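Please walk through the following structure with attention to its inner spaces and its nonpolar cores.

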Amino acid sequence: MVNVNRRETVTENRHKKLGLSDEQVLEMYRTMLLARRIDERMWLLNRAGKMAFVVSGQGQEAAQVGAAFALDREMDYVAPYYRDMGVVLAFGMSARDLMLQGFGKADDPNSGGRQMPGHFGQKKNRIITGSSPVTTQVPHAVGFALAAKMEKKDFVSFVTFGEGSSNQGDFHEGANFASVHKLPVIFMCENNHYAISVPLSKQVACEKISDRAIGYGMPGVTIDGNDPLAVYEAVKEAADRARRGEGPSLIETISYRLTPHSSDDDDRIYRGKEEVDSAKEKDGLYTFASYLREINLLTKELESKWDEEMKEIIDDATDFAESAPYASPETIYRHVYAE
Amino acid sequence: MPVINYIQAVTQALKEEMQRDEKVFVLGEDVGVKGGVFRATDGLYEQFGEERVLDTPLAESAIAGVGIGAAMYGMRPVAEMQFADFIMPAVNQIISEAAKIRYRSNNDWFCPITIRAPYGGGVHGALYHSQSIEAIFANQPGLKIVMPSTPYDVKGLLKSSIRDDDPVLFLEHKRAYRLIKGEVPEEEYTLPLGKADIKKEGTDITVITYGLCVHFALQAAEKLEAEGVSTHILDLRTVYPLDEQAIIEAASKTGKVLLITEDNKEGSIIGEVAAIISENCLFELDAPIKRLAGPDVPAMSYAPPLEKEFMMNPEKVEHAMRDLAEF
Ligand SMILES: Cc1ncc(C[n+]2csc(CCOP(=O)(O)OP(=O)(O)O)c2C)c(N)n1
Ligand SMILES: [Mg+2]
């Protein structure tokens, strides 16, 4: 369908074709924006000495949110990795929850201040608890998918990881297991071109991470991770396939890590500013906003309204979390085993 | 009471737990049609079908990791490592994941998986089919390690492990599988995890051990009994976390303690047992704490005389017990 807007440019409405309503795409954008704004605030808090550690999803929100919206957020399970703020927000974690985690406070639903930021987990929202050793979450998602099959449930599981992490045995063992047993799981590799300082070219010798799918007898696709609609489409297809009992899929989303690896990293040592700047031009947050503007969904008024709202939400979350109590020291002895 | 062997107790426990609870399932290499390389899962595939007795690809980290995921969802997986020696690819999943899931999520998630693995030597298995691997996992709070010695204990403890809400490493001595027989009641029973068991009451010396060595100690104790030496034998049964109270009581009872393991000596379970005794029983001891263990070489050899030199046996145990009695 072609839509002619007032500025005389012609932009095709892509989301209708995918079965997405105007409200849904606006909600997608709002979730991406919220993830970005929370992330940015966390860096400020880190540089102000208030938050010890930040690991960032900037540049990957489009892939994360596009994927999450393609899932059934009332039923499906997600095993996110540390950059997936977009996924966990879409699955029901709040800005307050994220700030509580950032500050390591007692009421952090992920871990009560036990884990570093970015180690997500919240059972009520079906966000599976994660750890630091990369890729261990992949077999877990396969285990959830196995349970879905055994229990004849309709949910799928969705797991993400970086391209560097796709070299770990757990990716390969998990992918193979899932495919042999035709399990309803979606593997999504968020390829952001770097694993800390090591570029893609030194991680893998194959052309695409998705090429790895063929070795496990599942479909593998590579898509533009800056385009939430393309990611939505691919994940939707994979989820449908999984629910039909046809097994797992591997999706590779191509984007770029816009920040250093974490607040402890200085990326100027291993990549140039020009490279980062040119990646910023393709930043999914901005390109998606342009799309929504061009089809007259994202209006000036809405943008300024949301800017206001986001500021309020994040100020509130920050103040709330900063003034919230830490868990008391004697709680470290609890929950080693069932009590 | 019927007499069955050690491996039959494993099979019975699995079968009865699978009948009792539909969430219980078995996964591992060759556990299905073949019924396991040791036949521990014999008959389960026929009875419960391929979905609940799952032949997995040959990949231990996935066997553990997929089991962990299913356990977090609410299933009760019993994962089999074909040999304890091949648990190494799954160590990350067991230590970084299973052991820490409850703790790291502040009790939001938990992981009720049981991981079974045949361990131990004396079966001509050489370096990689003979090892004792418990010490690798025995400083991982969040994990429990069960190592039963008798068919009765196997059955009761395996059932409790499956029902337990935390991950359990259940280590079965492969030489005991068909060698050790014992009475097992027909009625349903379970045994508590974390509790040691007195296998023989005695007054002169105390032996604290676990697994197959319990039987070596019982045999040696019978011989020494004829010579007038009375041996108290404590079977640890759960080697992590240890039953401190039972260890202190057993050590204090005679004041002369021999600790035995088939594992290499340095860094083994019995070093921790010795530490508990020395912290708590100074005034009760009448002799230095003695340790009898495998040598500190990487693992057991294949050729019979070499294997024998490493492997624990009743003669070595008897010798050490007599030495202690004479101290
Ligand atoms: C098993 C393991 N090895 C090393 C690390 C340290 N580490 C954390 S993130 C990372 C790079 C991961 O890169 P990638 O998979 O591409 O994900 P990205 O951070 O780029 O999103 C490394 C080496 C780790 N966490 N786990
Ligand atoms: Mg990367």
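The structure holds four cavities of 30 Å³ or more, where a cavity is a set of points on a 1 Å grid over the protein atoms alone at which a 1.4 Å probe fits but cannot get out, and where a volume is the space filled by probe spheres set on the points, with grid points joined across faces, edges and corners. This is a predicted model, in which local features need pLDDT of at least 70 and side-chain atom pairs count only at pLDDT 80 or more, while totals for chains, interfaces and linings use all residues. Residues are numbered from 1 along each chain as its sequence is written, chains are lettered from A and ligands numbered from 1 in the order in which they are written, and side-chain values use heavy atoms, with hydrogens and water left out.

The largest cavity has a volume of about 110 Å³, and of the 15 residues that line it, those closest to its centre are Pro80(A), Tyr81(A), Tyr82(A), Ser131(A) and Gln137(A); a lining residue has an atom within 4 Å of a point. This lining has seven nonpolar, eight polar and no charged residues, where Ala, Val, Leu, Ile, Met, Phe, Trp, Tyr, Cys and Pro count as nonpolar, Asp, Glu, Lys and Arg as charged, and the others, Gly among them, as polar. The second largest cavity, of about 80 Å³, has Tyr82(A) in its lining too, together with residues including Met42(A), Phe53(A) and Phe120(A), and its classes are nine nonpolar, two polar and no charged.

Turning to the cores, the largest nonpolar core has 92 residues, among which Phe187(A), Phe137(B) and Ile208(B) touch the most other members; such a core is a set of buried Ala, Val, Leu, Ile, Met, Phe, Trp, Tyr and Cys residues joined through side-chain atoms within 4.5 Å, and buried means under 20% relative accessible area with a 1.4 Å probe and protein chains only. A second, separate core of 67 residues includes Val78(A), Ala239(A), Phe288(A) and Ile295(A).

Of its 19 lining residues, Leu258(A), Pro260(A), Asp267(A), Val276(A) and Lys280(A) are the closest to its centre, and the lining divides into five nonpolar, three polar and eleven charged residues.

Conventions: On a 1 Å grid over the protein atoms alone, a cavity is a set of points where a 1.4 Å probe fits but cannot get out, and a pocket is an open set with protein on both sides within 12 Å along at least five of seven lines; lining residues have an atom within 4 Å of a point. Buried means under 20% relative accessible area, exposed over 50%, partly exposed in between (1.4 Å probe, protein chains only).
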